[in-house]
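Hello,

Here is the structure I said I would pass on. My notes on it follow below.

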Amino acid sequence: MRIGILGPLDVRDDATGQAVTLNGPRVRALLVRLAVDPGRWVPVERLLDDLWDGAPPNGGAGALQALVSRLRAAVGRDLVEHGPPGYRLAVAPGDVDTVEFERRVAAARARTDPAARAAALREALELWRGPALADVADADFAAAPIARLEGLRLAAIEDRIEADLTARDPADLVPELQALTVAHPLRERLRGQLMRALYAAGRQADALTVYEETRRVLADRLGIDPPPELAELHLAILRRDPALAGSVPRAETADRPADGSPARPSAPPRPRRTNLPAQLTSFVGREEESRRVGELLRESRLVTLTGPGGAGKTRLACEAAAPLVDTTADGVWFVPLASVSDAADVAPAVLAALGLADPVRPGPETRSPARPLDRLADALTTWDTILVLDNCEHLVDAVATLADRVLAAAPRTRILATSREPLGITGESLCPVPSLPLPPPDADAKEALRHASVRLLADRAAAVRPGFTVDDTTAAPVVAICRALDGIPLAIELAAARMRALTPAQVADRLGDRFRLLTAGSRAALPRHRTLRAVVDWSWDLLDRDERAVLRRLSVFAGGAVPDAAVRVCAAGGPDGPDAADVLDVIASLVEKSLVIADGAAQVRYRLLETVRVYAAERLAEAGEGDRVRDAHAAYFTELAERAEPELRGHDQLTWIARLVAEHDNCTAALRHIVDTRDVRTGLRLVAAMTWFWFVRDLEVEVGGWPLAICDLARDAVPPDLREEHAICTFLAVTANEMRSRPGFTQEAMRNVVERILPLVPPNPRHPLLNLAEPISHLVAGRFDRAGESLAEIERHPDPWARAMGLVVRGELGLYSGEIDAAFADMTAGYRGFRDLGDRLGMQIGLGGLIQVALARGQAETALRLVEEALGYTIQGVNPDQGASFRVHLGRIRAQMGDVQGGREEIERAVRILERIGEHADAAGGYLALCELSRRSGDTATARRMLDTAYALVEPRMVRADFVQVTALTLSKLGCLAAQEGTCRPRRTGTDAPWTWHATPSG
């Protein structure tokens, strides 16, 4: 499909050439609006504003969807794509005539032969069938693109005339040029071309008259004199310069800029000009961003660098613009707007930076000066320049108006802006300036220095503390500083300045009070860049009431917030803030202002940089909303955990595990508030709801302090309706406490835990986990018959998960007692129960038992299939680290099937993971497997080394309940290896325990 908007809308099937009819002005306007940005996503909100001129109807999204449906019906569904960013026209950019026009013009300008260049430009101009965007000429959104396209058209006409002045008789061009100068009286290049054509045609007096008319027009309308190029051409004509006699000056074609843009009137080029500030420090860490900004400036005429305060936007803009000075005929101009407080002063500030301040003409010639913005737009009409508008966030509307007007009037002017929020006009290319990359928390000096944040701190610290380097001594505190300050360059520089009097470790230790610490900025800097607090104060002062309320309430989130959480919590802070329906709009505004970060692919997540979060938390306390907002936060995440808890054992298990993983920090923050406010009810509910998740993710020890604290609060005041929750909380508290203690979770400790919990469990508990309390109490007491009876009762339980778990536990009991066939039947039934529920963790447990059965029966291929299935479930994300224990099985099976080396390598990889995550019992089992492979191959030295490593893991943990089996195997292997070596005493263990155990039949 080819689309033409250089004139009335024209849509044609590319294959047949037939025109496609579009009925309805708004449908045509929709296609034109999408064609203005071919291939780019246009947000729904922008489309609604543009198509209804800023006043979309109620239910605007539905109205827009109806328009899209009508458009798709006419041009094909695939032509208009819909996605999270909005809608876009799914065509190659070259299928829209505006893009094809620009490409043809660029190709024509690259031709060296004037006649060929003129012909190619003429072909490009023939794409115009009338005024650009004729169908929507009165629409607000069309003003800027129309002005831009008309500017490009006029520049192409000027280039074509320039080539024709050389290739044709200039006299033939006079009528066309006279008409063009009347239509565009301020186009200096056209007037210069007319003067040259008239002079070449023998009409010197007429050429001089054109110059005088030009001087009067510029003085009357702009209060300025003709540019040096015209003045020199005027002088050459007066002198009848031989270079002009019988020919046309060639300077214009020879001096064309390298980027192919239109040439200026013939005359020596303007001198290189810029007022970019000279930099006093090295440029660290933004090399890639600087290259990207340069690319954007070549592709787009308006580029805005956005980011939080202190991110380094100004420095990046200056560094990116500096290399362009030599290739920009009229220079690169830096316009600092931080000190401009009135919107009316923006245009005068730009004029002053350009050296175009209002002239004062005394006497009778004094005229009323034109409006500053009009003067600026007219003055830049023919300029090839870049304006760097710095610090626009407090004047966004005024800067946006200026940029829109200037870019429409001056097709060779480009603007590079820095702002904490976008300007929000058509054609703007955004370049977010993120924080500098951060090293991992445990990075050593070499690894840390690979990250720009550390290199910046090292560079600035060395400037105030000569000889400072990042080495093994300073790496840890330097990394801590950079991470605590979110990689924000200004904050890092302020921290480096403190190293004049403090060590890196002392700075890192004091960052808890960062706003008091980081106050030693440059005295030459703007006041809002001298301290960390001033940086954030500046952004805060620009917010309205609702924005401040939402920002301070977002500070209670740890690790970010999904939209429904943000709405629930931010709307609960009291009357001094937005309604729930408006919260997301306010957050979107804060995202635009670079105070909230929105990320995430499947679901957006809002988060604050730590410095902003600390500041907002202070403001929350000042507003007296802290407890109320944190109560709402704790209530939301308690309800979320309760909604997730049963889902953790079903088909949507992975979705809810991922959600709770993402909200782990928020749940921790909620627990902290619950304990601080002694909220027993909410505490018991949240801990009980999170317990199974913590066990699934092996977090029971890490989080064990919270159930201990909640149980302490509920000591004598357990709500009657929360007895089950209290039992679960107590179980987790006692278990975590025993696991933290020395010597660890022993068999005796396990019995004590069960005996303490069993009286707390009410009859016929609702929660399936509590139904296992009685059979487990019999198991740990050695009452296996009673355990079997209790498990048989669970087999009749109404909850399918409880039934499946009971069968798997009974299968383990069968394995322990040597009843392989019965164990296989129970494990198989339990596995199938978990499979029907979609509980991948339960399936892994069942498969673990079935793998042991297959290995005991010598069925290697069956065991291999079961291990591969189990590994597939671990990879899906229930708990990826759990796969390492299955990989030990996989290595043993591969070796058993003949691939000894492959099996060894698999076990070695698994052991490294198991030791890293602290699964020492499984790691010891892996070393025993490696020992056995070496022993069977006759390599007793390697076997001894592997066995000694296993014993080193087992020996300090022998009494722990989870080490009973691996301890027996390790001691037995020590005896077997000693017998194979022909020794009767241990070589390195220093104890007779292994031989005593091995000689004992029960061992």
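The model is predicted. I began with the overall dimensions: the chain has a radius of gyration of 38 Å, whereas a compact globule of 1003 residues would be near 30 Å. Along the principal axes, the C-alpha atoms fill a box of roughly 125 × 70 × 65 Å.

On secondary structure, the chain contains 46 helices and eleven strands. Of the contacts in the chain with a separation of 6 or more, 67% are between residues 24 or more positions apart.

Next, burial and surface. Of the 1003 residues, 53% are buried. The accessible surface of the chain is about 44100 Å², and carbon and sulfur atoms account for 51% of that surface.

For charges, I count 139 negative and 122 positive side chains. The centres of these two sets are 3 Å apart.

One element I looked at individually is helix 27, which covers residues 610-622. From the first C-alpha to the last, this helix of 13 residues reaches 18 Å, close to the 18 Å expected at 1.5 Å a residue. Which residues of helix 27 are buried? They are Thr611, Val612, Val614, Tyr615, Ala616, Ala617 and Leu620. After helix 27 comes glycine 624, with a positive phi near 70°.

That is what I have on this chain for now.

Regards

How values were computed. Residues numbered from 1 in each chain as written. Predicted model: local features only at pLDDT ≥ 70, side-chain atom pairs only at ≥ 80, totals over all residues. Heavy atoms only, no water. Helix = DSSP H or I, 4+ residues; strand = E, 2+ residues; numbered from the N terminus. Rg over C-alpha atoms; globule rule 2.2 N^0.38 Å. Buried < 20%, exposed > 50% of the residue type's maximum accessible area, 1.4 Å probe, protein only. Contact = heavy atoms within 4.5 Å. Areas by Shrake-Rupley, 256 points an atom, 1.4 Å probe, with all protein chains shown as cover. Lys, Arg positive; Asp, Glu negative; His and termini not counted. Charge placed at Lys NZ, Arg CZ, Asp CG, Glu CD. Expected span 1.5 Å × (residues − 1).
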